[in-house]
Amino acid sequence: MKRSTTATPAVPPATAAPTATAVPPATAGPAAAAGAATPGCPAVPRPRADAVRNRERILAAAREVFVEFGPGAPFDEVARRAGIGNATLYRHFPDRDALVHHVVLYVMDGVASEAEAALAEEPDAFAALCRFTHAAADERIGALCPMLADDFDRDHPELVAARQALEAVIERLLATGQDAGLIRTDIGVGDLTLALSQLSRPLPGTGCLDADRFVHRHLQLFLDGLRAPARSVLPGAAATLEDLRRKTM
């Protein structure tokens, strides 16, 4: 209901009728918890629970579709996998750029959280690296490939902050293992992220989608190759994340 903008005349103190004592914000009732305005502040409505669920379903579905078909995949397919109508999809993400932007954020945040948890909870750095790598594959890290496209806005402040947080925790994960003598020292973070993206991304076309059942098997073969001491000499130089952003590889 629209609030009236007509000011209420002030009541002189001498004739004012007794009124209820104002409830401090910290003890306000359900109305405050639901987003009601506090004195001097406009009300900020909270998203409805179904809207939050729909947004989460859209991002998860788009992540899968982008991994399989690239960011140019049809919106109809995203909506179908999310179990919603096209109108609902467009209400949340009015165009493709907005959807790609938020899918990339969604994946980066999820992968960074997996890396932090692995570092905090695993008994050694190699176990943490293995846990992170398999979890990142399940988070569909291959959906970050649009970041390498020329028309992607990599300098958006949200994306810069999320990317820096992700890079920092992966660098810490790798450095911890290298310092402990558990991970070979001739690899860089770029080597890890590029191999992870390639091994967890299906080949083009729907005929190869059942290859997903081999992803974790092949990732473990790759991880065993990262153990120290190194059993071979790698050609070239270790890849950095900056190398990947410049697309020099």
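## Contacts of Phe-132

Two residues are in contact when heavy atoms lie within 4.5 Å. In this predicted model, Phe-132 touches several residues beyond its neighbours within four places in sequence. These partners are Val-111, Glu-114, Ala-115, Ala-118, Ile-170, Leu-173, Leu-192 and Leu-196.

## Overall fold

The protein chain contains 10 helices and zero strands.

Of contacts between residues at least 6 apart in sequence, 71% join residues at least 24 apart. The chain has 249 residues, and 35% of them count as buried.

## Nonpolar core

The largest nonpolar core comprises 56 residues, and Leu-99 and Phe-132 have the most contacts inside it. Two or more residues come from each of α2 (49-69), α3 (75-82), α5 (96-121), α6 (125-138), α7 (157-179), α8 (189-199), α9 (215-224) and α10 (241-246). Among these elements, α5 gives the most, with 11 residues.

Within α3, the buried residues are Phe-75, Glu-77, Val-78, Ala-79 and Ala-82. Their cover includes α2, α4 (86-92) and α5. Just after α3 comes Gly-83, which takes a positive phi of about 75 degrees.

Methods:
Residues are numbered from 1 along each chain as its sequence is written. This is a predicted model: local features need pLDDT of at least 70, side-chain atom pairs count only at pLDDT 80 or more; totals for chains, interfaces and linings use all residues. Side-chain values use heavy atoms; hydrogens and water are left out. A nonpolar core is a set of buried Ala, Val, Leu, Ile, Met, Phe, Trp, Tyr and Cys residues joined through side-chain atoms within 4.5 Å. Buried means under 20% relative accessible area, exposed over 50%, partly exposed in between (1.4 Å probe, protein chains only). Helices (H or I, at least four residues) and strands (E, at least two) are DSSP runs, numbered from the N terminus.
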